[in-house]
Amino acid sequence: MFNSELIKERSIYFIKYVLLISLVLILFNFILTIIIPYVGEYKEKLLRITDFIMSNLSTFIFTLALVIVLFFAFKSIFKKIRFLFSEETTDKDIYEESLEEWKEKNYDIVYENMSYIYEMSQKENIHNLYTETAKAILLFQKTDFSNESLSKHEILPIINALLNTYKYKELYLNTTHLAYAFLHFLKVEDDINKKAIYHLICSFLFNRVDPVRYKSRIEIELRIFKLYFEQYGNSISNLVSNEILQIMNNTQTNLSEDLFKEKVIPFLTEQATIYR
């Protein structure tokens, strides 16, 4: 099945190259036209070159365009072959490949890769950033969030597994899945004060993942939190410090990874241990 977004992106890329080549040729012809009166003995040769280029312009552009297409095609194929057969392929390589597939919305490939990382880690008893991330993401993927009988206690292990990955490092995929995990968690929360906090957490995490891609989601979650805060500000403030409120309300500045681990992760961990 063709990925329309990918086709659109590469079509725009291709058109830009063709337009750039055309512009270069036009400029080349213009420059030649200007300098011809000054070149004297080379005039006839230059005219022949110019005539040749202009008479074969369409063929020249087509050839260059074909070379560009083949270059990117072979580059992509070579990358996949190297990825599949290289003995040096690591968990990091597989994760980076998965990240590219995720951004192209090829989620099935991502989960297949995560499953591979997890299975290999079990066989070789390896525990690192990527194996723990794979474990947490698979736990998320295997959970049926559309199940109306799903409880807080079934979602909490997913959140805790994702939070465990931050002992190593923050990654795009673990933060993305953590944001969605809290989004699902607030749907089964009944306490108004806690619901407000989870809306704020979701807004903060989605902003951290991608403020452009998740712009509408961020605005919705933040708006809901502010509505709750207007009514229940005092009781909400008893559950979360002013420092955390300020950090999570500030969607304009991206918090550094060090401060994220130092300030936010302990707070999220605390939220995930409330129901134990």
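Trp102, Tyr107 and Tyr111 form one aromatic cluster. The structure holds 13 aromatic pairs, a pair being two rings of Phe, Tyr or Trp (its six-membered ring) with centres within 6.5 Å, stacked if the planes are under 30 degrees apart, edge-to-face if over 60 and tilted for the rest. This is a predicted model, in which local features need pLDDT of at least 70 and side-chain atom pairs count only at pLDDT 80 or more, while totals for chains, interfaces and linings use all residues. Residues are numbered from 1 along each chain as its sequence is written, and side-chain values use heavy atoms, with hydrogens and water left out.

- Phenylalanine 182 and tyrosine 198 form a tilted pair, with 6.0 Å centre to centre and 40 degrees between the planes.
- This pair links distant parts of the chain, 16 residues apart: phenylalanine 182 lies in helix H8 (residues 172-187) and tyrosine 198 in helix H9 (residues 192-209); helices are DSSP runs (H or I, at least four residues), numbered from the N terminus.
- Phenylalanine 182 is buried at 1% relative accessible area, and tyrosine 198 is buried at 0%; buried means under 20%, exposed over 50% and partly exposed in between (1.4 Å probe, protein chains only).

- Tyrosine 228 is buried, at 17%, whereas tyrosine 232 is partly exposed, at 32%.

**Charges over rings**
- Lysine 103 lies over the face of tyrosine 172, 5.0 Å from the ring centre; the criterion is NZ of Lys or CZ of Arg within 6 Å of the ring centre and within 35 degrees of the ring normal.
- Arginine 208 has its charged end over the ring of phenylalanine 260, at 4.2 Å from the centre.

Key
Helices (H or I, at least four residues) and strands (E, at least two) are DSSP runs, numbered from the N terminus.
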